[in-house]
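Here's a quick briefing to read alongside the model. Have the viewer open and follow the topics in order.

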Amino acid sequence: MKSFEIYNQQPELSFLREPTLSFGHGQTTADPRDGLMLYGPFDSRKMKGQVNIGVIGSSTQRRYMIEYLQKLHGPVLPSETARPFFPGLETAFGIHINLDNIVEIEVSDNEVNKYLSYEDGNQRVHNLTNLFADALARYVREEERPVTLWFVVIQDDIYKFGRPKSRLPKSDGNIKLGLKKKQVQGNQSLLFPEMEELRDAYDFEINFHNQLKAKLLSEKIVTQIIREGTIAYRHLEQDEKKIKQLAVFDSAKAWNISTTMYYKVGGLPWRLGDIREDVCYLGLVYKKLNDDPNNRSACCAAQMFIDSGDGMVFRGNIGNFFNPKTKEFHVSEKDAIDLITQSLEVFKEKLGKGKYPKEIFVHAKTYFDDKEWKGFADAVEGKSKIIGVRIQSSGAFKLYRQFSFCVPRGMMMTVGTTKAFLWTKGFVPRLQTQVGLEVPNPISVEITRGNADIKQVCKDVLALTKLNYNACIFADGQPVTLRFADSIGEVLTAGKNITTGILPFKHYL
C-alpha cells in the first residue's frame, strides 16, 4: 500500500447502500424500471394525459417514427427473458400521444441526398442542419399549434457522414463545393457573394447532432434526434440473423426513448429518494475553441443540479482558460465570480424557492487553482458554503474477490479524510449481474477545497449517477454533473456566436 502512505492512514473499505429513487405516490425503490412500472413517474400528478409531439423528416422517416410511437403505446416484449419488458407508454408514464394530431414537417429526400453528396464536410453538415433548423424555427414563429417536443428523424447516412473526419466514398456524383483553407481564414472579401455565403459553414463544427442543437438554442426548441436504424431496423435490414440480434434491445430502447420523451415534455421521471434539502451540485464544463494545442481560448459553462434532479445549463465567458503545459482548464477570478453568481441567482429564482443553497458542491475533473477558488469563495460569501470536489476515472488498481462476480457497486475505499475511491460500477444484487463485462475501475473522489465529510460526498456522487434521464438504466458510471460535461461543451462551441440564455438541461440532450 505504498501509494497511499502520503495520507498517513491505512485504506479502509466500506460499503454504501444503493441510493433510492422517489416515484409516484411518494414510493421509493432503487431501480428506475421497477419504480415506473409499480408506482408511475414522480410527476404523475403534474404531467399526465396527452402530450403534443412533432415529427420532422422525410415522408419515409416520419412514417417510421409514427409507427414506432404507436408501438410504444403497447407492451414491448424482450427477446431474452433476462431483459425487463416495457409495459407501454401510458402504463409506465401516464401520458399518451394522439397519433392523429401529430404535427409533421417535410424535409425532402431530394434535398437531403443533394447535401449528402457534398464532399466538403463543413458544407455538407451545415446545409443538412439548416434543412431541419430553418424549418423548425419557421414553424415556431409562424404557427400557433404548440409542440412540446420534436422528434428529428434522420437517415443513417446523415449520422454516418455528419460526424468529424467522416468522408464520402469516391463517386462521380459527389459535389465538390467549398472554400480553400486560405479563403476561410483570410479576412479579405471574396470575389463573389456566393463564396461569402459558403464561408458561413466553416464557423461550425462538423457534427450534425451538436450543430443542430446549437442552432436551436436561441429558439428554445426541444428536440430528440432519432436514427432511422434505431426504430426501423426491420424495414431496413435484410439479414434475419442481424434482425434477431437487434431485437434483443427492443425493450431497452423503448424504456430509453420513453423516459427521455417524458423528461423533455416537462415531467420528472424520478428524483432522489434521500433528499438533502437546499444543496446543489455544479459541474464545470470547458471546451477548447481551437484544435491548436498551444491555443488557450476556451469556453466555460456550468450545469447545475439539485436533489430533485432538475438541471439548468448556463454559459460563462470565453477566455484564455486552457494551460497547454498542464492540459488543464482554469477560469480567471472574475469569471469564477460570474459563474458562481449566476448559479446562486438561478438556484434562488428557479430552483430554491427564493433562497440560496446552504451548500454548493463544485465538481470538476481537475484541481482548482488559487485565483479560481478565490473567485468562487468571494461569490458565495454570506450566502452559501462551497466545497470543491475533484472526480476522475482511476486505473491505478483493481480489487478482486473470490466470488462469481466482481466487487459490488457502492464499494468505497477511503485513503484519508478527504479522498476515497468509489466503485460506481460493479455487481448489482437487484440485477443479479455486474454492469459491464470487465472488472470495474473505481473513480477517484477528492475534496480539494472547503470542508465536508468524504463519506457524504461519495454518497452524493453515487446518487448522482442515477439522474441520467437520457436513458432508463439502473445507474451510470459517472455523476450527472460530469457525465454530459463534454457533450454540453461541444454544443455550446459547435459554432461561432452561439446565443443562448439559461436553459434547462433537456435542450442539450
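Predicted model: local features only at pLDDT ≥ 70, side-chain atom pairs only at ≥ 80, totals over all residues.

A polar contact here is a pair of N or O atoms within 3.5 Å; within protein, one must be able to donate a hydrogen and the other to accept it, and residues adjacent in sequence count only if both atoms are side-chain atoms.

Residues are numbered from 1 along each chain as its sequence is written, and side-chain values use heavy atoms, with hydrogens and water left out.

- Helices (H or I, at least four residues) and strands (E, at least two) are DSSP runs, numbered from the N terminus.
- Buried means under 20% relative accessible area, exposed over 50%, and partly exposed in between (1.4 Å probe, protein chains only).
- Helix H9 (residues 208-216) is largely enclosed by the rest of the structure, because 8 of its 9 residues are buried.
- Among the buried ones are Phe208, Leu212 and Leu216, but also Lys213 and Lys215.

**How H5 meets H9**

- The two helices pack at an angle of about 35°, with axes 9 Å apart; axes are lines fitted to C-alpha atoms, for helices over the stretch in contact, and angles run from 0 to 180 degrees between N-to-C directions.
- On the H5 side, the residues involved include Val125, Leu128, Phe132 and Leu136, and they meet an H9 set that includes Phe208, Gln211 and Lys215.
- By class, the contact of H5 with H9 has 8 nonpolar, 4 polar and 1 charged residues. Ala, Val, Leu, Ile, Met, Phe, Trp, Tyr, Cys and Pro count as nonpolar, Asp, Glu, Lys and Arg as charged, and the others, Gly among them, as polar.

**Cysteines**

- The structure holds 0 disulfides, a disulfide being a pair of cysteine sulfur atoms within 2.5 Å.
- Cys300 is buried at 1% relative accessible area, and its sulfur is 6.1 Å from the closest cysteine sulfur, in Cys299, so that pair is too far for a bond.
- Cys458 is buried at 0%, and the closest cysteine sulfur, in Cys406, is 18 Å away, too far for a bond.

**Thr493 and Pro504**

- Thr493 is in the loop between H18 and S23 and counts as buried, at 16% relative accessibility.
- A polar atom of the Thr493 side chain lies 2.7 Å from the backbone oxygen of Gly489.
- Beyond its neighbours within four places in sequence, Thr493 touches Lys287, Leu289 and Cys299.
- Pro504 lies in strand S23 (residues 503-504) and is partly exposed at 26%.
- Pro504 touches Gly311 and Met312, leaving out residues up to four places away in sequence.

**Positive phi**

- Most residues other than glycine have a negative phi.
- His25, in the loop between strand S2 (21-22) and strand S3 (28-29), has a positive phi near 60° and is exposed at 60%.
- Lys165, in the loop between H6 and helix H7 (181-185), has a positive phi of about 70° and is exposed at 82%.

Terms used: Contact = heavy atoms within 4.5 Å.
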